[in-house]
Structures are given as C-alpha cells and as structure tokens.
Amino acid sequence: MDYEPKKPKKAFVSPIKRLVWSKSGRRPVDRGSVYRRPLHTVPLYPPDFLIHPERLIFDYVEKEVKFLGHLTWVSVSLNPSSRDELLQLLDTARQLKVLPLKTSADQDCILSLSARCLLLTWRNNEKLLMRIPTHEIAAASYLRDDALHLLILKTGRAPNQILLMAP
C-alpha cells in the first residue's frame, strides 16, 4: 500500500508580503565551496589613515580590490595626476574592450603591500597575478568618478604599464 502524504494548501500571499519578506532572504546564501581566508590587515583611523612604517618594513598589509586590468599601450607622457587624461584613457580602453564595463566577483584580488614590493593575487585561488617592486612604481593616483573609485599605478617597466584597481 502506497502512502502519499497530504500536500499543504497554498494560502494566498499578497504581493507586498512577497516583496518585503521573500523566501530568498531567509535562506542561507551559498557563497560556493571556495574558502576565503581572512586578510592580513590593520585598522586605519581618520583623519590620517596612516600605517606605521615598521609594519611595512617587517610585515605586510593586505586589502581586497577588484582588478580591472593593466594597459601596456600607454604613452610615457601620460600624466597620472591629470583627471581628464585618466578618464579619457579609461574611456578609450573601454571602447577597445580592454577594460570591463562592470565589475564582478571574478575580478576579486588581494593587494599585498610591503616596503619591498606590491603583490597582486587572485582572491579565490591565491595565484600570483603580478609582482611589482616598489622602486618600479613611478606614480600612484586615486580617481573617484560617480560610484567608481580607482587606484591607478604607473610603473617604470620597459613597456609602460598602468594598473587599474577598484578598492
């Protein structure tokens, strides 16, 4: 004899209740099976947001960023402190489809900063993406445009490179 349990009747739920108390909000979010270790960071306090120099000499600090890309076709005469030139460079790179239009979770990276070098590794598998000794960093800029915050690094390597990261 087959036993079939009774199915509960579905009651009418108003559309407002569905919007305010959706079932997806009650379910635990599956972030995937990838383990993400906590970052090696220090608290920064206003107004200066300074890190003690000895921490950078004997240790390192990590920050999660979104890596947008690096551009190797940049002219040497680019002024990284010029907002207009940087925005024009970003627009050109996006038109050429070198840079993404929107950021995603696939672009998550860890920026490790010490007195000797700057490391950029992927957040999910921690594979090394780029290592730049600090003596090769020619200029650093911070650009904020609407909801976009960019950290721009110009390096002095043979093909002049610009790294773009969104903190």
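Tutor: A salt bridge here is a side-chain nitrogen of Lys or Arg within 4 Å of a carboxyl oxygen of Asp or Glu. The model is predicted, and the values below are computed from it.

Student: What is the N to O distance in the salt bridge of R36 and D108?

Tutor: R36 sits in the loop between α2 (23-26) and α3 (53-58), and D108 in strand β2 (residues 108-113), 72 residues apart. Their side chains still meet within the 4 Å cut-off, with an N to O distance of 3.1 Å.

Student: Is D108 buried or exposed?

Tutor: Buried means under 20% relative accessible area. R36 has 32% and therefore counts as partly exposed. D108 has a relative accessible area of 8%, so D108 is buried.

Student: Which residues are linked with R36 and D108 in a network of salt bridges?

Tutor: The structure holds seven salt bridges. Some of them join up into a network, where R36 and D108 are linked with E64, K66 and R123.

Student: Which element gives the most residues to the largest nonpolar core?

Tutor: This core has 15 residues, and L71, L90, L99, L143, I152 and L164 touch the most other members. Two or more residues come from each of β1, α4, β6 (148-155) and β7 (162-166). With five residues, the element that gives the most is α4.

Student: How much accessible area does the nonpolar surface patch of W73, L96 and V98 have together?

Tutor: W73 lies in the loop between β1 (61-71) and α4 (83-95). Its relative accessible area is 39%, so W73 is partly exposed. Together with L96 and V98, the patch has about 290 Å².

Student: How many disulfides does the structure hold?

Tutor: A disulfide is a covalent bond between the sulfur atoms of two cysteines. C109 is buried at 0% relative accessible area, and C117 is buried at 15%. The number of disulfides in the structure is zero.

Note on methods:
Residues numbered from 1 in each chain as written. Predicted model: local features only at pLDDT ≥ 70, side-chain atom pairs only at ≥ 80, totals over all residues. Heavy atoms only, no water. Patch = residues over 30% accessible without salt bridge, like charges linked within 9 Å, V, L, I, M, F, W, Y side chains within 5 Å. Areas by Shrake-Rupley, 256 points an atom, 1.4 Å probe, with all protein chains shown as cover. Helix = DSSP H or I, 4+ residues; strand = E, 2+ residues; numbered from the N terminus. Buried < 20%, exposed > 50% of the residue type's maximum accessible area, 1.4 Å probe, protein only. Disulfide = S-S within 2.5 Å. Core = buried A, V, L, I, M, F, W, Y, C linked by side-chain atoms within 4.5 Å.
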